[in-house]
Amino acid sequence: MTQERYMYKRLTFAYWTGLAALVLLAVSCSKNLPKERENVGDNSRFTTTVFQPVLGRTTFFQDNFFKGTTTFPATFKIVNPRRWNGLPAPELTDIFPVKVWKAAYDGNEKSVAEIEAKREIQYRPLFDIGEHSGTVTMWSESRAALIKPQPDSGYRFDVELSNSGGRKYFRDLKLQPFYERPFEPSNRDAITGQPVSNGVFPSGIRIKGTTKGRYLGPFDIQVYIRKVDRPGLSGNTLTFRFLDTLFNPIDPARFATTDWAHLVHGFNMRKTATEVTYDVAYPLPAITLPTRYTNTNGDRASVWFTFDRLGFGGFADNGLLALDFAIYEPGNWEIVFAFITDNPKFDND
Amino acid sequence: MHRMLMSINKLYDMRAIVHISLVLLLFAFQTERASAQGTVKVSGTVIDADSQTPMSGVTVSRGKETALNHLGQTDSIGRFTVSVPIGTNLIFSSIGFETVTLKAGNVVDSMRVVMKTKDNPMNQVVVQGLRQTKRELATGSSVTISGKEIQDIPAGNVMSLLQGRVAGVNIQNNTGSPGAMGTINIRGSSSIGVSSDGMLTPTSPLFVIDGVQVDVNSGYQYGYQTGSTGINPVSLIPPEDIESFEFLKDATATSQYGAKATYGVIIITTKRGRSKVPVVGYSANFFMNTPPRLRQVLGGAEERAIRLRTIMDYDTASPERSRQEINLIPYLTDSLNPYYNNSTNWQKYFYGNTFNQTHNISIYGGDRVFSYKTNLNYYKENGIIRNTGFTRYNINMNVTYEPTEKFKMIASLQGGLGTKQNGSGVGLFQTGVASGANASSLLPPPTLFSDNNSVLSSESIRDHNKTSNILSNLVIRYQLLQGLQLQNDLGYGFNSGTSDRFTPSFLNNGSSRAENYNDRNYSLTNRTMLSYVKSFGGEEKAHMVSAYMFNEVSSSGAKANTIFLSQTPDDQVEGPIGANGGNSKGGTTNMTDSRQHGYGGTVEYNYMSKYVLNFGYRLDGTSINGPSRGYTQSPTVSGRWNFGKESWFKNVSWLSYGGIRMGWGRNIRPSGNIFNVYGKYIYGPRYNNDPTVTIDFGNIPSPEFLPEIGSDITGALELGLFQNRVEVSLEPYYRSNDNQIIDIDLNNTNGFSRKATNTGSLVNQGIDWTFTFRIFKPERPLQWTVRLTGNYNKGTLTRLPDGSRELLQGISGSVPVIKRLGRNPISNLLYYTQGVYASTADVPVNPATGKRQQLGIGSGFYFQAGDPRWTDVNGDYIIDEKDLQPIGNPEPLFFGGLLNEFMLNRSLSLSINMAYVYKRDLLNTVTASDLQRYTRPLYFDVSGGGSLTPIDQYNYWKPLNADRSVGTEGAKYPNPFDFRRAGTLDPFRTNQTLFMEDGSYLKIGSIVLGYMVDRNFTQRFGISQLRVTLTANNVYTFSKYSGPNPENVTSLGRDVSGGYPSARSYAAGINVQF
């Protein structure tokens, strides 16, 4: 080996030694630094631990999880759903076709088809947890036939919360649903699901009775909300009927100033001397959103039947019969207003 | 031994004469042989090879280089006359020049001695710990910058000129306020502390100004590292008087400075006398400051039309409602009334060009036994914002007395006085001006009757701020035995600030306000040091051991008082009597006092200057430590290998020098305050009708409280190639700052609510690099030097209390920050914006509820076309604080600079300095507020609305159909006109990624053109040196950032429109020496 080659080798050696030392320094130091990762917080918890939805309607529980120091995105999963006796409850995890919204309902839809176009069938568990949000949904397709309602003690389940920071289980959350009550206001007992009265009462009334000349109160009127099965009805209809004390029909036209076109968010109105029928999309109201068809909260459809008459001394007397209601099941429904104590006075004094 | 002693003496001489970045290289050449015997009188002239001008003050001595016998010095025109035996070696030496040795021979008169500037970088003197050493022996990281580099540029604060010149030193001139200082961080910010108003706790290095420690981190206001009067102590140092800057970057170099040096040390040394004949120098600069390009705004009718259109189009209620709203605002309707018909250019009232000047006179002289210097400086800068400005008066004197080789004394005294007008702003924020300049052009111009009186307040507030300081330093050195020296350093700094401010009644709803503020702070350090040097190992003295130990006591304290008088009798009487006593108040607002004791030492061994090993140790006790914590240790271990000196490199001609070094060390910084340790006792409830003193239950005392500890490992590779025409320095480093204070909330059963814990840590790792290229050979008339500096730094948060992974901190009036383990220490907590919803149908719908995504839970506020598309991270169809994500890094990933210096014929010079920052996330709140003003068409004053900038420059959403459910695709900004919904939605909120931008920039910092007038010409007028300069500073910034200036932002990277813009300045200067 010549002197030059030898020197060259030594040189290279020195160069690489120096470089290696620098690289080693840079690399070795970062090895023990903590890595950035997400976190599952010790203080995170479900603020709602007992879920008591009513079957047969979509119930959406939100704001039920306190984030604490957990970082989002995180994943929520229902694990080990079980009946009260500890046996597994596949009915909570089995997949069913459920109707979900894919576009926003706003109350301005012009037809049933337009409303239906905003919904679609998806396959989901009836008791569903938001994958990243922890929100809990009971879909309207849930039925007491599938899911044990109260007075059964219900179900228990655990929720797994996980992200790259680890996982955490929230144990023994409870699901204690109620029997279906397909309409509101309901005449059914919440626990047994059985009717406890014939009908319900209207939300508002200002009508004079014919015989005694007094203003009728809500208890003078029975409202029957019921499913009917009559030929010629498409399956998603809503009919209003009015009965006098003798259960004879009252012509809806007597409620002369009623805004029939916008009474409910229904279409294809058919008005006869005995009833008024609309094609509608159930549930009614479609969502909890204040529209021209609902009460101010938006959670009930609101119907106002009105008429004007001249009262005693020529004063105007504006008659009103109002009902805030909700119907959750599809079907041919009718709402019957029965004047049971006195007949309404439509004529001028 | 004798030889050794002399070299040590020489070492200390240099220290005495200042830390000049130059060194002696013995350079000998033969002259013609002389044979005669006897004494001759030798005379001649010494000439500077660079400037070809005579050199005064050159020491002429004889003997061997190791045992010089002083003969005399050259006079003011470079002449010398000595009597020596024939054949004597005459040695000519001067600091910064290579030593010349000539033999006194036949030529005895008009001897011409040419001295060259030394340029071996390895022989530079650098500061390591408490002593100076040659760079080739240095085991720590330090960089020297000559004061000459920046002396031609007038500046209120000299540090602003050093931007980009030192690798690893990040200087951001984030305020243009005259007399203030930007942020300085060495190798990344070292703190995770953020103040409640959104300022990162400053981690400026410790300044050591002529031996006096000046800590600019304490007493800062608004986080901009400025004293409460808005004047930074460093601003009181005249740049013209600075000999050198020394930047100590790692613990190996700084740990011996003890506390406060954790974030690095910057040593500023002023000039010393070194001429036997007194030299009088005068320099002056006349400069013009111009404001940056001002914003374009719509004026008068144009603004009115936009406001009217917005209200009519987007008032959700009804046209009647809109008309009613409009009719209530005469600025919109009553354009026929001259009072309401305006097009006021507000910016013109606030910003303008200013003309300024600075003058400096220096007188110095002396010889080896006694030398002196006096420097007088005056600097006056009027701010580009009305009624602001800074004036500096400074006198700096020092003397060196060395009657024998055994005794030496250096004393220096510096007094500075700065005054400042803040206008309507406070300190650095010009909030009044910022909002005033943003006022609507429809408002009438400023008069006593107009609505907008920020102009008046910026003019009518009587405001006077003054800071004065005294820095004094006394060094006494005595040599006990050969190699054994005793030295005492005493440094005392005193700083006092006062601020008077009077707001007339018409500006403050009829009640005038007088505020008086005064503060003072001091620092006193005394250090006694015993040092010993011994070399041994045969003839060549291969082994050398040096050691020293020291004992240091220091104390510092500060106190601030404020008096506040409300409703003085009238606008002419500012008190003291007649004020409304009920509303007036006063008292001590801040008081600190701390003590520190440290002792330690170092031992260093080197073999043939090839292998160096250094051990250092220091113990510190501070009054802020918890009493049970005792003394804190700061050890260092470092070493160096100059592989270029190995024999196998002997014949390698291209390698001039080469070395690697590595060091580990740690250092402390007292943080927090005494209340953290002992608790705070406050006035309590009365007991038996006697007043009581009780403990403050806000913070629990923590006797375990620790100082902050910085520890680092630094390596380095230093290379000089091709006769030093290429120099390379690479320094990777890893630094951890532990024990940072984090307040944790205590369980409420505790009685106390909070505890200050030492539980925060962060790590900065990265690499500094410096490349220097001398493009042409040294003999060429044109010289071109390129220096490229840079730093890559990555900060990581490594510890939080109680095993937390993240910590959220709100900031009043701004975007909160989040500290997450493993990430960069401070991140913004933001909504992630993915454009704009082009149509309402694009908004996601909750499948369960059938409703569109909404803002906040249960708000009933649904997103629609034209709204920002914020990512719903948790998928609950609600945009709320759960969707905020830590995003962005306000610390730059890369920063550095590029310096180009040209020199032609040693008389004409051109220097261009550039600085860059790459990868830094800024929050552009300026664009945000520009757009926000569009959403407030009903408001004119500064709080609600204001001037409108041209909207066409923004790509914003525009509706395409009547009900505005469909609009432009791919818009960047949401609909700015939907003002009714904007009140809730706040589409231009700053906590979204829409306004997070890359703040990378390349800035042409300064251009200096200098010309040295021919000496033969100037000598006719008795002038030994005349230099004229033309300077432009803060010339241009290249950046993609859409806001005004990517540098003019807070330390958290937020573009605060209340900041003070940086001025561009053009200067003409002259420098004369007699």
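Before the first stop, one term: two strands count as a pair if DSSP finds at least two bridges between them. Also keep in mind that you are looking at a predicted model.

**Stop 1: a sheet in chain B**

Select strands S11, S16, S17, S14 and S15 of chain B, and you'll have the five strands of an open sheet, listed here in another order than their numbering: the sheet runs S11-S16-S17-S14-S15, with mixed pairing. Which strands stand at the edges? They are S11 (142-146) and S15 (212-214) of chain B; each has a single partner strand, so one side of each is left without a neighbour in the sheet. Now look across the strands: the twist averages 20° from one strand to the next.

Next, zoom in on S14 (residues 206-209) and S17 (residues 265-270) of chain B, which run parallel and are joined by four bridges. To find your place in this pair, click B:Leu206, which stands opposite B:Val265 in S17(B). In general, strands of a sheet pair through backbone hydrogen bonds, either parallel or antiparallel.

**Stop 2: a hairpin in chain B**

For the antiparallel version, jump to S38 (residues 806-811) and S39 (residues 814-820) of chain B, where five bridges hold the pairing. Pick B:Glu806 and look across to S39(B): the residue opposite is B:Arg820. What do S38(B) and S39(B) form together? They make a hairpin, with two residues between the strands. Click B:Gly813 in that turn, and you're on a residue with a positive phi of about 70°.

**Stop 3: where chain B touches chain A**

Now show both chains. The contact takes 36 residues from chain B and 43 residues from chain A. On the chain B side, select S34 (708-721), S35 (726-745), S36 (754-774) and S37 (782-799): these are the elements that give two or more residues to the side touching chain A. Colour that side by class and you'll get 18 nonpolar, ten polar and eight charged residues.

**Stop 4: chain A as a whole**

Finally, hide chain B. Chain A has three helices and 20 strands. Its radius of gyration is 32 Å, well over the 20 Å that the globule rule gives for 349 residues, so chain A is more spread out than a compact globule. How many of the residues of chain A count as buried? The share is 32% of the 349.

Key: Residues numbered from 1 in each chain as written. Chains lettered and ligands numbered in written order. Predicted model: local features only at pLDDT ≥ 70, side-chain atom pairs only at ≥ 80, totals over all residues. Rg over C-alpha atoms; globule rule 2.2 N^0.38 Å. Buried ≥ 20, exposed ≤ 12 C-beta atoms within 10 Å, placed from the backbone. Axes fitted to C-alpha atoms, helices over the stretch in contact; angles between N-to-C directions. Contact = placed C-beta atoms within 7 Å. Nonpolar A, V, L, I, M, F, W, Y, C, P; charged D, E, K, R; others polar.
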